[in-house]
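Trainee: I have a new model open. Can you walk me through reading its features?
Mentor: Gladly. Let us look at it together.

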Amino acid sequence: MAQPYNSQQIAAALAAPPVAGWQLDPATGQIFKQFRFPDFVQSLAFVNRVGAIAEQLGHHPDITINYNRVRLDLITHDAGGLTDLDFKMAAQSNAASLPL
């Protein structure tokens, strides 16, 4: 099982360009980001891309869709905190949000 990051590791990971825009929710210990798209169709297409990444990594975010906004929340529940897997999923989700 992966070891959870400490506060310094979390801060360093959030400062890395591949996870730009992700934030720590101190109340839950999760990282989150809200993505915006022109319309619902593009939001849904993004969610499908994220779903494929999640299946590949075996790590599944909480996903909230509100028309043209998609919020992803990540934490490794089994480890009791944030791990490499969360930041890998965040980076790949950022890449998946770019126009095709």
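**Reading charges and strands**

Mentor: The side chains of aspartate 73 and arginine 71 form a salt bridge, 2.9 Å from N to O. Keep in mind that this is a predicted model.

Trainee: How many salt bridges does the structure hold?
Mentor: One.

Trainee: Is aspartate 73 buried or exposed?
Mentor: Buried means under 20% relative accessible area. Aspartate 73 has 11%, so it counts as buried. Arginine 71, at 27%, is partly exposed.

Trainee: What about aspartate 86? Where is its place?
Mentor: Aspartate 86 belongs to helix 3, residues 84-96. It is buried but has no salt bridge. The nearest side chain of opposite charge is lysine 88, 12 Å away. A salt bridge needs the nitrogen within 4 Å of a carboxyl oxygen.

Trainee: Which side chain makes a polar contact with the side chain of aspartate 86?
Mentor: That of histidine 59, at 2.6 Å. Also look at threonine 83: its backbone nitrogen lies 2.8 Å from a polar atom of the aspartate 86 side chain. Further along the sequence, aspartate 86 touches residues including Ile31, Leu74 and Gly81.

Trainee: How many bridges join strand 3 to strand 4?
Mentor: Five, and the two strands run antiparallel. Isoleucine 65 stands opposite valine 70 in strand 4.

Note on methods
Residues are numbered from 1 along each chain as its sequence is written. This is a predicted model: local features need pLDDT of at least 70, side-chain atom pairs count only at pLDDT 80 or more; totals for chains, interfaces and linings use all residues. Side-chain values use heavy atoms; hydrogens and water are left out. Helices (H or I, at least four residues) and strands (E, at least two) are DSSP runs, numbered from the N terminus. Buried means under 20% relative accessible area, exposed over 50%, partly exposed in between (1.4 Å probe, protein chains only). Lys and Arg count as positive and Asp and Glu as negative; His and the chain ends are not counted. A polar contact is a pair of N or O atoms within 3.5 Å; within protein, one must be able to donate a hydrogen and the other to accept it, and residues adjacent in sequence count only if both atoms are side-chain atoms. Contact means heavy atoms within 4.5 Å. Two strands pair if DSSP finds at least two bridges between them. Lists of a residue's contacts leave out its neighbours within four places in sequence.
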